[in-house]
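Hi there,

Here is the structure I promised to pass on to you. Have a look at it first, and then read on for what turned up.

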Amino acid sequence: MRSGMPGRGGLGTSVATAMLGYAMMGWAMGSMNSSALVMRAALGLGETEAYSDTVWGLLISIYGVGAMIGCSMSAQLADQLGRVAFVAITGILFVVAAALMTTAVLGGSAGIALMLVGRFLAGAASGGITVVMPAYLSEIAPIELRGALSISMQLVSVVSLLGVQLAGLPIALGTREAWPLVMALSGAPGLLQLLLLPLMVESPRWLAHAGHFHEAAAARAQLEGTSRRPRHYAQLEDGPEPEVVKREFHTEHGAPPAPTTSKPNTDVPAPPPPPPLPPPLPPSSLRELLADDRLRGLLTVVVTAGVVQQLSGISAVVNLSTVWLQENGVPQEWIALTIIWMNAANVVATIVAGALVERSGRRQLLLGSVAGMIGCILCLTAGMCTLHTALGVRMAVWGVVGFVAAFGLGMGPIPWLLPSELFEQRHRATAAGVAALCNWGVSFFVTTVFLPMANVLGPLSFVPFLCALVCYLAYAWHALPETRGHHPDGDSEAAARAGSKFSEGSAAAGVQGGALAGSSPAPHWHGRRGALPLA
């Protein structure tokens with residue numbers, strides 16, 4: 001699709017097409033866990049040799065390397081080419097990656113090389129998705145659906161993760177002959193996404209910033225036309241006309257809006273013509289975010305959430321739980337049940353989070369999620385220290401299952417939602433890219449060092465993750481704002497309530513300056529002293 005064209009679909013088809021990227025990402029993330037033993041054998045890697053462990057670790061962690069590169073390039077590509085064109089790029093990458101990983105069945109050094117390249121490309125596409133898709137969905141969705149869509153991203157990913165973990169079990173496709181099908185299936189959503197691409201509606205906000213005001217108005221009309229009742233699209237004013245989009249763009253960039261009159265008045269002199277429309281501002285850079293006190297503080301909140309998401313140990317559970325539990329003496333039958341239960345619990349928890357995200361708010365869900373993960377790590381560690389008893393085995397298994405469920409309630413989806421609710425359009429992709437880059441970098445670090453660390457710490461392997469979560473809980477209690485109902489590119493319910501109750505000029509957690517973003521008052525953080533503006 002040519003950049004600047006709005007597309008022929010509506011909100012539903014645009015969301016569904018975008019969500020296919022999360023299905024591919026979830027499948028790629030979990031494809032190396034439950035079928036690990038047969039895959040190692042097919043690639044000529046033994047179970048205990050140091051060389052084989054090193055190569056297998058590289059096959060897993062190269063996904064994170066690709067994701068970091070994808071994050072670093074995605075913001076610029078999406079801002080230059082458009083959101084829909086970027087979706088096309090990620091879909092092609094996933095299809096190519098699936099083909100390469102499937103042909104890794106050749107085995108030997110050729111098979112290992114094909115798997116490495118395929119995992120790298122899948123990681124690059126996944127990294128780009130985590131940066132661009134939350135921004136795209138927040139730009140096309142009404143305010144009242146934005147939180148639910150964020151949860152839906154996580155839900156599609158975890159359902160796909162559950163599917164690939166079940167498919168990799170020995171009773172399904174986890175055999176020496178059938179495991180390549182697990183790899184091939186990861187490309188099916190990519191093919192479907194490419195077929196549906198003409199139905200995706202380009203982001204009206206991106207179109208307006210690119211100067212395509214007629215296309216932006218048409219895209220917004222398509223999105224609004226999918227609803228039975230009017231919905232508030234925070235990123236654009238009400239009204240389908242391109243001139244309304246231009247006035248809103250004038251206002252966002254500091255120029256006065258064009259005057260509007262219901263009927264001409266011959267007794268009053270005609271108002272002067274509006275000033276020329278300013279050119280679209282270029283996307284911000286990391287240097288610009290760091291130079292501004294307010295933006296730097298917001299970036300700290302977003303990056304910290306993304307980093308701790310991985311420092312919680314979730315990557316070790318998703319990618320290495322089978323090996324770690326087996327090496328620590330958990331019976332094989334309990335390991336299979338753990339894989340099934342923990343992924344099913346992740347799906348259920350994500351559904352529950354979707355029902356609560358707009359009622360309880362982002363802050364409450366995230367804090368509760370972190371507290372639950374802390375309790376489950378304590379249960380897991382106690383169980384691993386007493387595996388010689390039946391109670392110890394059950395405590396270890398339920399500790400893992402509870403940990404993943406608590407993660408799905410808040411720590412899984414909320415960090416990806418924060419950039420779109422804290423940063424205005426010009427800064428959003430850059431901030432999301434930095435946060436995602438740090439997230440994937442820590443994921444690579446955790447998957448690389450976990451098994452060597454586990455050989456030293458044994459049953460206490462999750463204690464470092466416990467320390468990270470405790471520190472973050474204290475930090476988030478004081479620094480994390482509540483962003484429910486807030487859109488930095490326009491008015492919001494939360495901002496309106498905030499403006500009527502609290503005065504401006506307060507600061508929290510080192511975040512200083514004026515309004516949070518654009519034309520909106522700041523969201524609020526709720527610590528022990530009550531609600532205070534985060535600005």
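To follow the part on cavities, you need one definition: a cavity is a set of grid points where a 1.4 Å probe fits but cannot get out, and its lining residues have an atom within 4 Å of a point. Please also keep in mind that this is a predicted model.

**Cavities**

How many cavities of 30 Å³ or more are there? The count comes to 8. The largest cavity holds about 450 Å³ of space. Its lining is made of 31 residues, and those closest to the centre are Met29, Gln309, Gln310, Phe407 and Trp440. Several helices give two or more residues to this lining, among them α1 (11–30), α3 (50–81), α13 (293–311) and α19 (425–457). Which element supplies the largest share? That is α6, with 6 residues. Sorted by class, the lining of the largest cavity has 15 nonpolar, 15 polar and 1 charged residues.

The second largest cavity has about 50 Å³ of space. Its lining includes Thr130, Val131, Pro134 and Ala135, along with Pro415, Trp416 and Arg428. At least two lining residues come from each of α5, α18 (414–422) and α19. Here the classes are 9 nonpolar, 2 polar and 1 charged.

**The largest pocket**

Now for an open space: the largest pocket has a volume of about 510 Å³. It is lined by 20 residues, and nearest its centre lie Arg40, Asp53, Val323, Glu327 and Leu451. The helices α2 (36–42), α3, α14 and α19 each provide at least two of the lining residues. By class, the lining of this pocket splits into 8 nonpolar, 8 polar and 4 charged residues.

**Two packed helices**

Two packed helices are described by the angle between their axes and the distance between the axes. For helix α4 (residues 83–102) and helix α8 (residues 188–196), the axes come within 8 Å and cross at roughly 150°. Angles over 145 degrees count as roughly antiparallel, and therefore α4 and α8 are roughly antiparallel to each other. The crossing of α4 past α8 is left-handed. On the α4 side, the contact is made by Val87, Ala88, Thr90, Gly91, Ile92 and Val95, while α8 brings Gly190, Leu191, Gln193 and Leu194. Of these contact residues, 6 are nonpolar, 4 are polar and none is charged.

Enjoy exploring, and write back with any questions!

Best wishes

How values were computed
Residues are numbered from 1 along each chain as its sequence is written. This is a predicted model: local features need pLDDT of at least 70, side-chain atom pairs count only at pLDDT 80 or more; totals for chains, interfaces and linings use all residues. Side-chain values use heavy atoms; hydrogens and water are left out. Axes are lines fitted to C-alpha atoms, for helices over the stretch in contact, and angles run from 0 to 180 degrees between N-to-C directions. Helices (H or I, at least four residues) and strands (E, at least two) are DSSP runs, numbered from the N terminus. Angles under 35 degrees count as roughly parallel, over 145 as roughly antiparallel, 65 to 115 as roughly perpendicular and the rest as oblique. A crossing is left-handed if the near helix is turned anticlockwise from the far one by less than a right angle, and right-handed if clockwise. Contact means heavy atoms within 4.5 Å. Ala, Val, Leu, Ile, Met, Phe, Trp, Tyr, Cys and Pro count as nonpolar, Asp, Glu, Lys and Arg as charged, and the others, Gly among them, as polar. On a 1 Å grid over the protein atoms alone, a cavity is a set of points where a 1.4 Å probe fits but cannot get out, and a pocket is an open set with protein on both sides within 12 Å along at least five of seven lines; lining residues have an atom within 4 Å of a point. Grid points are joined across faces, edges and corners, and a volume is the space filled by probe spheres set on the points.
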